[in-house]
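Have the structure open while you go through them.

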Amino acid sequence: MGNVKNAAVAVKKKNFVKRVQKYWVFYILAIVPVAYLLVFRFWPILLQIVLSLKEYSIKGGIWKSEFVGLENFKTLFLDDDFHQIFFNTLRISILRLVCGFFPPIILAIMLFDMSSNKFRRISQSILYIPHFFSWVIVYGIVQILFQSTGYINYILEALGFESVDFLMKSQYFLPILIGSGIWKGMGWGTIIYLAALTGINTELFEAAKLDGAGPLQRIRYITLPGITGVIMFVLIMDLGKLLSAAGTEQILLFYNPTNYTISDVIGTWVYRQGLGKMQYSLGAAVSFFESTIGLILVLLSNWLGKKFAGVGVW
Amino acid sequence: MKRISSEKTYQVFIYLVVGLLVVISVFPLVYVLGLSLTSETEFLKRGNLMIFPYEPTLTGYRRVLFATDTYVKGLGVSVARVIVGTVTKMICTMILGYMVSKKDLPGNKVLMGMVLVTILYGGGTIPTFLTVSGLGLLNTFWAMILPGLVDSWSVLVFKQFFGNIPKDVLESAEIDGSSELQKFIRIVLPMSKPVLASLGLFAAVGHWNSWFDAAIYLSSKHELFPLQLILRNLLTSANLGAELAADLVGNLEETQTSTSLRMVVVVVGTVPILCVYPFLQKYFTAGVYTGAVKE
């Protein structure tokens, strides 16, 4: 028995060497990307843990600064500001998820059901465009539409209303932030659904029409069941991103000191207070907290999806 | 009878809603373009309520492109980072994607594990900043390229695509004795045109659009600022537009509002994307990750 086993191991080993030889060029090609992953992705993870357990000082640098254990986390969890930014992050993310989830699905179904192929193609081309604009450009557009002398206010005044300084009043911050997010992402969001819709057997639609099913019945019994898998997939992805979906880059552009109480999120706080004021340890502790919760959320939603809907991210 | 009318109502409804959304998508762009072509005299005379000026003028463009070299330099940096960044990112990402798609490649699981870790867990802004700083990359061009060298999601898309290439296509090459690298270059690469075009476009747009990394890593190196960061600084500092205008108005007869000047920069920052867009549109779907949907 032992001989057979040894022989099998030997064959496997020989096979292994052979396979390594077969792909040797690729191992050389992989040096740069693998070095990149180690240096720019894995090393910061280690740094993050070390930093969050220390009291960073410029003199000591990362390694010689004083070890303080969980002191940074204690400071954070007792800090009212941190409660506020954590709550803001959650609120913005959830609002984005809830408001942004359905429009692409509905739009995709409408595009799919359009009777004219030509008009559908033109509409798609135009609706995808905003996705490719940077947040800077989107902010530029938002400014000229919503500023006190902007287009919206000229219309309001022309209609006899008073003008409103949308960008400086905090109650308009969230609607503008989330609305412009939907404006940018809605058309692009339809792509994944349209790909799934074209996979549905067209005979089903023909048969349904012959049976006298109206448009709403077709959507309910054929279209929606045909894309349930993809809808679940997108939902899982969104749930996994719950904390990171607040959108640091967009908020950094859109917010200003008049609305920090609702607009400051983990990402913007780390940028302004952590990086800007060199509170590296506290900043690292915050992002450690964020990354860890994000990890748990992704694993959880992926597990839920596999268990209940048969879809997973990997 | 009833069925036909409900079909018709539904179609009318669809066309109205989609048409409205198309207008909402396009209108801001037309308005921005209009403002960028408006002179101040006309702007003041007509108020803001206009879509397109009666007498379009290129003064604003002349001023942004020729009266100062800030924007032209920024444009150059942006173009450079798009080219260098996209090429390096595509090469590195594709190598990893191909390797993890090869089931008989020793170590493919380790690589896949590494890629998944980077998707699941981030090192955070500050540790990444300290890494970039420790490598002496602060205030260099490479600070915009290296920290994002590999896109982990694109690795998964490549894996998905390469995994779907029929085996017999590759086996036929094995018979005439090509090496793995030859197979990759002669067979796999030409087949990957759609994914490559799609992911390459996303990477290029990503580089063109980013400003955050430049803001963090290039704080004291203004001549390396990409266009988007210059535009962001222009938009967020309320009086900078006026200051710039005052700076430049002297030798130009017609003055232009700072609003239209800002809009000129917005247009300059947008046009390159709109130019490549139509050619690559047919490849979009190829680059969208659909994950492991069980049949």
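**Notes on the two chains**

1. Let's start with Tyr283(B), which sits in the loop between helix 14 (258-280) and strand 1 (292-293) of chain B. Keep in mind throughout that this is a predicted model. With a relative accessibility of 14%, Tyr283(B) counts as buried, because the cut-off for that is under 20%. Setting aside residues up to four places away in sequence, Tyr283(B) touches Lys193(B), Pro194(B), Ala197(B) and Ser198(B). For a sense of distance, Ala214(B) is 69 residues from Tyr283(B) in sequence, and their C-alpha atoms are 29 Å apart.

2. Next, Ile273(B), which belongs to helix 14 of chain B. Buried or exposed? Ile273(B) has 6% relative accessibility and counts as buried. If you ignore neighbours within four places in sequence, the contacts of Ile273(B) are Phe132(A), Val205(B), Trp208(B) and Asn209(B). One of these, Phe132(A), is in chain A. Ile273(B) and Asn209(B) are 64 residues apart along the chain, with 9.5 Å between their C-alpha atoms.

3. Which residues does Thr118(B) contact, leaving aside neighbours within four places in sequence? They are Leu37(A), Arg41(A) and Phe42(A) from chain A, plus Ser152(B) from chain B.

4. Glu40(B) is in helix 2 (residues 40-46) of chain B. At a relative accessible area of 24%, Glu40(B) is partly exposed.

5. Stepping back to chain B as a whole, I get 14 helices and one strand. Of the 295 residues in chain B, 52% are buried. Look at contacts in chain B between residues at least 6 apart in sequence, and 73% of them join residues at least 24 apart. The accessible surface of chain B is about 13,600 Å², and carbon and sulfur atoms account for 66% of that.

6. Over to helix packing in chain A. Two packed helices are described by the angle between their axes and the distance between the axes. For helix 3 (residues 31-52) and helix 16 (residues 280-308) of chain A, the angle is about 120° and the axes are 8 Å apart. That angle makes helix 3 of chain A oblique to helix 16 of chain A. The crossing of helix 3 of chain A with helix 16 of chain A is left-handed. On the helix 3 side of chain A, the contact uses Gln48(A), Ile49(A), Leu51(A) and Ser52(A), while helix 16 of chain A brings residues including Tyr280(A), Ala284(A), Phe288(A) and Ser291(A). By class, this contact between helix 3 and helix 16 of chain A has six nonpolar, five polar and no charged residues.

7. A second pair in chain A is helix 6 (residues 80-113) with helix 10 (residues 173-197), which pack at about 45° with axes 7 Å apart. Helix 6 and helix 10 of chain A are therefore oblique to each other. What is the handedness of the crossing of helix 6 of chain A and helix 10 of chain A? It is right-handed. By class, the contact of helix 6 with helix 10 of chain A has 20 nonpolar, five polar and two charged residues.

8. Now some backbone angles. Most residues other than glycine have a negative phi. Met278(A) is not a glycine, yet its phi is positive, about 55°. Met278(A) lies in the loop between helix 15 (266-275) and helix 16 of chain A, and is partly exposed at a relative accessible area of 38%. In chain B, Asn139(B) has a positive phi of about 60° and is not a glycine either. Asn139(B) is in the loop between helix 6 (125-134) and helix 7 (152-163) of chain B, and its relative accessible area of 22% makes Asn139(B) partly exposed.

9. Lastly, helix 9 (residues 151-158) of chain A: its buried residues are Tyr151(A), Asn153(A) and Leu156(A). Gly160(A) follows helix 9 of chain A and has a positive phi, near 95°.

Methods
Residues numbered from 1 in each chain as written. Chains lettered and ligands numbered in written order. Predicted model: local features only at pLDDT ≥ 70, side-chain atom pairs only at ≥ 80, totals over all residues. Heavy atoms only, no water. Buried < 20%, exposed > 50% of the residue type's maximum accessible area, 1.4 Å probe, protein only. Helix = DSSP H or I, 4+ residues; strand = E, 2+ residues; numbered from the N terminus. Axes fitted to C-alpha atoms, helices over the stretch in contact; angles between N-to-C directions. Parallel < 35°, antiparallel > 145°, perpendicular 65-115°, else oblique. Left-handed = near helix turned anticlockwise from the far one by under 90°. Contact = heavy atoms within 4.5 Å. Nonpolar A, V, L, I, M, F, W, Y, C, P; charged D, E, K, R; others polar. Areas by Shrake-Rupley, 256 points an atom, 1.4 Å probe, with all protein chains shown as cover.
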